[in-house]
Amino acid sequence: MSEILLDVQGLSKHFGGLQAVLDLSFQVRTGEILGVIGPNGSGKTTTFNLITGFYRPDRGHVRFAGQDTTGLRPYDVCARGLVRTFQVAKPFPAISVLRNAMMGTLLRHADPLVAEAKARDVLTLVGLEARAHMEAGSLTTIDQRRLEVARALGTEPRLLLLDETMAGLTLTEVSEAMRLIASLRERGLTVVVVEHVMRAVMNLSDRIVVLNQGTKIAEGKPAEIAANPEVIRAYLGAEYQRA
Amino acid sequence: MAESAATGQSDLAVRGKRVRGLERAIATAAILFVLILPWLLPNPFYVHIVIMMAIFVALGGAWNIIGGYGGQLSLGHAAFFGTGAYVSTLLVNAYNISPWITLWIGGVAALLLSLPIGVICFRLQGPYFTIATIGLAEALRLLVLHYREITNGAQGLTVPFKGNAPLLLQFDSKMPYYYIAVVLAAAVLLITRRMERSRLGHYLVAIGQNQDAAEAVGINSAKAKGQALALSAFLTGVAGVYYAQYTYVIHPDGAFGLGMSIQIALVAIVGGVGTILGPALGAIIMELFVQSTQILFAGQYPGLELMVYGGLLVTVILWRPRGVLPWFESWYRRLVGRAERVSGGTP
Amino acid sequence: MDLTIFLQALITGILMAGIYALVGIGLTLIFGVVRIVNFAHGEFVMLGMYVTFWLWKLWGIDPYVSLLITMPVLFCFGVLVQRFLLQPILRAPDLAQIFMTVGISVILMNATLFLFTADFRSVKLAYSEWVWRVGGVSIPLTRLFAFLGAILLAGLLTLFLTKTDVGKALRAVAQDREVSMLLGINPERMYLLAVGLGAALAGAAGTLIVPFFYVFPTVGVVFGLIAFVVVILGTLGSIEGALLASLIVGVAESLGILFAGSDLGLVVVFAILVVTLVFRPSGLMGQR
């Protein structure tokens, strides 16, 4: 079994009276694709925010590549090779798509010319090269999400956290996105995906972690998860509540 | 036209070349104009006006680095201006150091002051930031007034008059002052251009548009803003030294006052923030206006000049909330377009 | 340090805090509802002072009576400013909004200078010099009246905001513009009301201090600065915060003058502001 790249231990966070994440522990190994699933409000995005330094955990530790990164600022976390995308894409709206991507590549390439060339590469990777000169704010939501991935990849991370990048995609687009993620792994990247599109998570992930109400209720290979009665109950429960 | 449309790209390239040629010609003409300008003016008073314009181009340009590109609306730049002016003048008076040297020392002093200010203020956002900068500059003004053994209190400081002494940055004609001020202004604009194209320039734009997204891709926003503030403070301090040297007299209320902070910021805002030429345009407009009202009312009606000044500000903001430069540019583009058509539309 | 001198400074500070609260509440109300930081707020105070002064000078109207005139006049003035100068730029960048109010402040200050010269003016009243002595501490009645008047007006405003439908609508707009529109509230009218009320409160503060303060064109600058400190310290938009902060500012200024010298009172105030912001970047009432 390969080394542990990300080690989350006993992570907890509450907002006022709401316990968003409680005593959460899991590991990500180098080179794997880990899926994180759970009903709405189960703490997936909060977990990303805690790992990447946007929130400071109440308790618990995050270790990345053998070093304690708990409480580091987001840019420090990113500089160490751990980058995330946002569920609601946050482009820099008033500048071009290319310049948006450059904001990522400038991290490792201070020379703007080199950064621009690298930015074109990542745009090609996500299929946005034709829109390089459009204003990012005028992209469709789906293209903005692509840009989000391109910008993150531009920082040349070791671990990529994707927050629901596939929501709202058509079937062909989902397949495309899955191919992209699989190809990223081929390049040596480790990926964590938070996703509602079950087909994608089940096919893509090596392992899956299931969250419910801020805690981990199951972890295992996709087939095991699909057969886990507690997971089914959590999802069905959520469905019942919604009805 | 139809012929070149078939080749597509080359049409664009030809047009690009012609526009660039035209732009180069305009730029050359502008530079020549700036160089001979003082000789065209009827008397030294008008030279004084253009010197003030150049100094305010430098000040507005310096503010623009943090206020325009960095999107951090400082209303405390008088702190840097005053620090430069006071540190330099105190050194000149106490140790007879040449202002050519204290010019740099004054800039560095302002830069050093910017470091704690950055640490304190960049934790704050929006109006909190603006008001904290006002508070710090005001506190500094009151302290300068208070420690009169050093600063001479409300009376302010004077630069000892040495006649024509180029080594001491003093001249008996306004011409040398003009050219030095132009060099200062040009230096600020060139530095701005360099900064705009550097990693820092890109980062400031990113931070201004979405700070969370910027931090997520590894941009240390506090550091970038701190660097921009330091650069801005240094240039403001240098301009402050030069201003003191040129006017011979500085007062706490003038050099550290809120009025100075507002004037510095205004130049960039009226012209257009976050652009290289905005502050230059703003300084020209504002100074022309300020000086012409001064001639018009000759100081007979206290308050009237500044009242009209405020009126101009309010009008510009109602009319062009993003400054005059964007409007000026579209007007210029139309002009270039017409020139192009006149010089023959087909290649 | 003599205890009575300390008590004297403390009480002077507390009495002044009432005025700061009134100015600050107006400013924070405008920000809460319209989301504009009014850099001309100190000049609203100054206008209130001049209106009061001239009413007394020309017609001998007692300052406390003239509140009934100053407040409506300033209310109308605020409404006009909002309607013709602020409304058009509500969607403009922050910096345009800030500098619009800076421009208004420059105009008001200098129009006053132009019309009334830079002379320091003051009002002489039969009770100007009356002092109430408690122990060794002396309390000028005019300062006590100013404090009580300020507290009364602040109380009335709170009642208005919590008990009347219009006041509730105003708070709804401050809380969430979109939701308030769904409730059928016309936000633009609430903006007019907010700026009008803010200006009226600033004007009232001006009136209340005229009996013991010089009237001159730049008198608003200090009040404007202190109002900023009050609202920022107390978190923009929070009336409770402004009340608490004005108490801190009034007492800090007064004790600063006592311990550091009369010209450093404000430095102490700014120092408190900066230190507070370092630990609580959005003020006392803000989230960490």
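**Entry 1: terms and model**

I count helices (H or I, at least four residues) and strands (E, at least two) as DSSP runs, numbered from the N terminus. I am working with a predicted model.

**Entry 2: Asn152(B)**

I started in a loop of chain B. Asn152(B) sits there, between helix 7 (148-151) and strand 1 (157-158) of chain B. I looked up its backbone angle. Asn152(B) is not a glycine, yet its phi is positive, about 70 degrees. Is Asn152(B) buried or exposed? I found 20 C-beta neighbours inside 10 Å, so Asn152(B) counts as buried.

**Entry 3: Thr117(C)**

Next I turned to chain C. Thr117(C) also is not a glycine and has a positive phi, of about 60 degrees. I located Thr117(C) in the loop between helix 4 (94-116) and strand 1 (131-134) of chain C. Around Thr117(C) I found 13 other C-beta atoms within 10 Å. Thr117(C) is therefore partly exposed.

**Entry 4: the sheet of chain A**

I then traced the strands of chain A. Four of them form an open sheet, in the order 2-1-4-5, and the pairing is antiparallel. Which strands stand at the edges? I found strand 2 (18-29) and strand 5 (67-68) of chain A there. Each has a single partner strand, so one side of each is left without a neighbour in the sheet. I looked at one pairing in detail. Strand 1 (residues 4-15) and strand 2 of chain A pair in the antiparallel sense over eight bridges. For His14(A), I found the bridge partner Gln19(A) in strand 2 of chain A.

**Entry 5: helix 1 of chain A**

I checked how covered helix 1 (residues 44-51) of chain A is. Eight of its eight residues are buried, and the helix is mostly covered. The buried residues of this helix include Lys44(A), Phe48(A), Asn49(A) and Leu50(A). I looked at what follows helix 1 of chain A and found Gly53(A), with a positive phi near 90 degrees.

**Entry 6: chains B and C**

I moved on to the contacts between chains. Two pairs of chains touch, and chains B and C have the most contacts. I recorded 38 residues of chain B in contact with 40 residues of chain C. Which helix of chain B gives the most to the side that touches chain C? Helix 6 of chain B does, with 14 residues. Helix 6 (127-146), helix 13 (258-271) and helix 15 (304-319) of chain B each supply at least two residues of that side. By class, I listed 28 nonpolar, seven polar and three charged residues on the side of chain B that touches chain C.

**Entry 7: chains B and A**

I looked at the contact of chain B with chain A. It takes 17 residues from chain B and 23 residues from chain A. On the chain B side, helix 9 (199-209) and helix 10 (211-216) each supply at least two residues. By class, this side of chain B has seven nonpolar, six polar and four charged residues. I also checked chain A against chain C. They do not touch, and their nearest C-alpha atoms are 11 Å apart.

**Entry 8: confidence in chain B**

Chain B averages 86, and 92% of the residues score at least 70. Among the elements of chain B, helix 11 (residues 221-247) has the highest mean pLDDT, 95. Helix 1 (residues 2-7) of chain B has the lowest, 39. I found pLDDT under 50 over residues 1-10 of chain B. For this stretch the model has six contacts beyond four places in sequence.

Technical notes: Residues numbered from 1 in each chain as written. Chains lettered and ligands numbered in written order. Predicted model: local features only at pLDDT ≥ 70, side-chain atom pairs only at ≥ 80, totals over all residues. Pairing = 2+ DSSP bridges. Contact = placed C-beta atoms within 7 Å. Nonpolar A, V, L, I, M, F, W, Y, C, P; charged D, E, K, R; others polar. Buried ≥ 20, exposed ≤ 12 C-beta atoms within 10 Å, placed from the backbone. pLDDT = per-residue confidence, 0-100.
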